[in-house]
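Here are my notes for someone opening this one up for the first time. Have a look at the picture, then go through the points in order.

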Amino acid sequence: MATFASNKYVKSGTPKQAMEDICLFAQLSWSMYFSRYFEAVRMAGPQLLTDNVVIAINSNGVYYVDETEQVLAELAYAELSQVTCVTVESPNISELHIETVQKQDFTFKCYEAADIVELINFMLKNLKERS
C-alpha cells in the first residue's frame, strides 16, 4: 500500500482523472466491448465465412463478426469511401451498401441500416474535422 500511495501519478491525479484513464485504457485494449452491434445478412460483396453476420462499429472501424464472436473482416475508417442505405421490400428491412476505396463493396440486409449509416458517417465526419 505504501508503494501505491507514494506513486507520483497517484499523488498528482484526481479520482476523476484516474477513472478516465482506466476507461481509456479499457477502450484501447478491448475495443470490441465498446462497440455498437447490428445484425445483418450479407447479400453481395467479398465472400465471408458466413452470410449471417454482426456488424460491430467502434472508434477503430467497422468489423464483421460471426455468431462465435470471431472477426471475419475489419475495415478501418480510412478504407471506407461511401456508406448508404436503401429501403427495399418492406419498410422494416433496408439494404446497407458499404463501399471501400479498394472497390470491395458489401451489401447487407438489416433492420437498422439507417442507424448504421448515421453512425459511420458521424465517425467519418468527426475524423475528417480532426485531421
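Predicted model: local features only at pLDDT ≥ 70, side-chain atom pairs only at ≥ 80, totals over all residues.

1. Strand 5 (80–87) and strand 6 (94–100) pair antiparallel over seven bridges. Strands here are DSSP runs labelled E of at least two residues, helices are H or I runs of at least four, and both are numbered from the N terminus. Two strands count as paired if DSSP finds at least two bridges between them.

2. Residues are numbered from 1 along each chain as its sequence is written, and side-chain values use heavy atoms, with hydrogens and water left out.

3. Stay with the loop between strand 5 and strand 6 for a moment, as N92 is found there. Is N92 buried or exposed? N92 is exposed, with a relative accessible area of 52%; the labels are buried for under 20%, exposed for over 50% and partly exposed in between, using a 1.4 Å probe and protein chains only. Setting aside neighbours within four places in sequence, N92 touches C110 and Y111, where contact means heavy atoms within 4.5 Å. R42 is another matter: it lies 50 residues from N92 along the chain, and their C-alpha atoms are separated by 17 Å.

4. Now step back to the whole chain. It has four helices and seven strands, and the order along the sequence is α-α-α-β-β-β-β-β-β-β-α. Contacts between residues 24 or more positions apart make up 34% of those with a separation of 6 or more.

5. How does the radius of gyration sit against that of a compact globule? The chain has 19 Å, while a compact globule of 131 residues would be near 14 Å. The radius is taken over C-alpha atoms, and the globule rule is 2.2 Å times the number of residues to the power 0.38. Along the principal axes, the C-alpha atoms fill a box of roughly 65 × 35 × 30 Å.

6. Why is strand 3 described as largely enclosed by the rest of the structure? Because five of the five residues of strand 3 (residues 61–65) are buried. Strand 2 (residues 52–57) pairs with strand 3 in the antiparallel sense over four bridges, and I57 has V62 as its bridge partner. A hairpin of three residues links strand 2 to strand 3. Strand 4 (residues 71–76) also runs antiparallel to strand 3, joined by five bridges, with Y64 opposite A73.

7. Most residues other than glycine have a negative phi. Keep that in mind at E69, where phi is near 65 degrees. E69 is in the loop between strand 3 and strand 4 and is exposed at 68% relative accessible area. K103 also has a positive phi, near 65 degrees. K103 belongs to the loop between strand 6 and strand 7 (106–110) and is exposed too, at 69%.

8. Last stop: E79, in the loop between strand 4 and strand 5. At 22% relative accessibility, E79 counts as partly exposed. T100 is 21 residues from E79 in sequence, yet 5.4 Å away in space, C-alpha to C-alpha. Beyond the neighbours within four places in sequence, the contacts of E79 are E74, E99, T100, V101 and Q102.
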